[in-house]
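Open the structure in your viewer and keep the selection panel at hand. Each stop below says what to pick and what is found there.

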Amino acid sequence: MGITAASLLDSWLAERIDPTALDWLRNKVTSARRSGVDAGFLLAMSSAPRKVGRAGLALSATDLARAAKARTGFQPAHWTVDQAARTLLLLAVPVTEPEPFVRTLDRLFDDGDLGELVALYQALPLLPEPDAHRARAAEGVRSNMQAVFEAIALRNPYPAEQLDEAAFNQLVLKCLFLGSPLHLVHSVDRRANTTLARMLCDYAHERWSASRPVSPELWRLVGRVAGESELADLGRVLEKGTEKERLAVVLACRGNPNTAALLTPYGALVRRVDEERVTWSELAGRDHRH
Amino acid sequence: MFIDPHIHMQARTTDDYEAMAKAGVVAVLEPAFWVGQPRTNVGAFQHYFSSLVGWERFRAAQFGIRHYCMIGLNAKEANNVELTRDVLTELVPRYVGKEGVVAVGEIGFDDITEAEEKAFRAQLAIAKELDMPVCVHTPHRDKKRGTSRSMDIAIEHGIEPGKVVIDHNNEETVKEVLDRGFWAAFTIYPKTKMGNERMVAIVKQYGSTRVMVDSSADWGVSDPLAVPKTARLMKELGIAEESIREACYSNALRAYGQSGQIKETDWTSPATVDQRTLFEGNSVLRGQEPRIEEPGERRAGVVIE
């Protein structure tokens, strides 16, 4: 058995919060193991920031490597101490059957304030009974609070692993609508599909009709699966797009034989993408929020 | 910089947030209240409390305004005795400890009934136990007597006057409130009840110690810019800078800061990006270039999408 996410979180907190706060948390974790989600648990969840503070965990590269090893795709680089504390509480809740567990989680989500919701959605990939949380994840994608949306959509392996095609496609579209960086969606390439490519091209058309810019990231999930119907749009961007958009199309089309002919006149651009090792995060543009 | 320590943002549109941000409002405090017509079940209260600590907080942040709230069962709906019992035992204790909740409020009297008094006392007990500030709504009808009684009851429950904000004061109530050591908040209405000029007169007479101004802007005819406008009028009519700052900013911070849930640094030096709320700070306030090319494009992101 390797190191668990819970033991990592506990060790990180032990190094970062004061002893009184740590004692409080560990007591609450013990109570949670015994009594599950009762009134005391709900109070502990809400008051976590008051007890442990809200500082960033500020994890080292080694910590992050351990996190990824404990659970693929576990990316706590931007987590805060209260989020870690809330996750530990959540992981202490005893689980025997999926359905009662989901109902218990529903209670937590119903009760949660903005900060709690972010912590809960972030923690989803660490929870037992992964199959049981798909509806909940889809609900997070529907949130009007961008911070909550991003807690499930970005730096979180759960959607790519568990959401069905329709739900995942909505997540991608919403990232573009909200300006959330697509390159932070875990395993996004693996979930590319032709329905999504069509939806994305339709969206590009809407933006063009309104004379509004199209994010270069949009093409990422078009290029790799493009068929006949998408080639015209890709060609339009190669011909008339901004520099970043054109680089994006080249990067996106890599490995798709259907686009070989389309790219032939753009050898210099293709070489540039290779030689400069252009990445999606560069093309997404500078965004201090993330 | 201004603080509006009593405003019902749930009733207001994003136009108001934009105008408030532009006028220099950095923080809003939203007490829990009724929503026009009486709620009929506990779920409606839970939904409301949830949105005070969730959606509304997020919405305000998109305009560079920090949002805090108060949790409580309001005076009017305390008259639904059965519902009151559930709200007070199930919900208020749970929500009052959440992040950004600065007080138990707004509680007190509306018609001055027995049921209202019972709920008022129960919530004063909660506030006492958790050592939280209290925001007291004073009735619009029979105000002088209701205000006096509210203070008597607060003292009876062993609550320090310095932890209690008595709101919706007027010329008839102010002296007793200040004499007895409570904070005196004044709601500036555009047409009825207390107005700007009368407020200036009050500050000229009583000074600004423990005095604060708010808009209580809600679904009715009200002005979310009441605080900055009153500040401007105070300046025009010769009130000292320091008094204006107290009445329109620092007293609110001091009174509700006792909760530990609101600090000046929340808006003067937030973390570059507050991941929780995607709060970006008021770029006008901080003298920075707005991050977005087109003004208002960020605001366009707040759509019910």
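The tour goes from a helix in chain A to a core, and then to a helix in chain B.

This is a predicted model, where local features need pLDDT of at least 70, side-chain atom pairs count only at pLDDT 80 or more, and totals for chains, interfaces and linings use all residues. Residues are numbered from 1 along each chain as its sequence is written, chains are lettered from A and ligands numbered from 1 in the order written, and side-chain values use heavy atoms, with hydrogens and water left out.

**Stop 1.** Select residues 114–123 of chain A, helix α7. Helices here are DSSP runs (H or I, at least four residues) and strands likewise (E, at least two), numbered from the N terminus. Ten of the ten residues are buried, so α7 of chain A is largely enclosed by the rest of the structure; buried means under 20% relative accessible area (1.4 Å probe, protein chains only).

**Stop 2.** Select A:L13, A:L108, A:L200, A:L218, A:W219 and A:L234, the residues with the most contacts inside the largest nonpolar core, which has 104 residues. Such a core is a set of buried Ala, Val, Leu, Ile, Met, Phe, Trp, Tyr and Cys residues joined through side-chain atoms within 4.5 Å. Helix α11 (residues 165–178) of chain A gives the most to this core, eight residues.

**Stop 3.** Select residues 81–95 of chain B, helix α4. A kink of about 40° is centred on B:L88, the bend being the angle between axes fitted to the seven residues ending there and the seven starting there. B:L88 is among the buried residues of this helix.

Key:
Buried < 20%, exposed > 50% of the residue type's maximum accessible area, 1.4 Å probe, protein only. Expected span 1.5 Å × (residues − 1).
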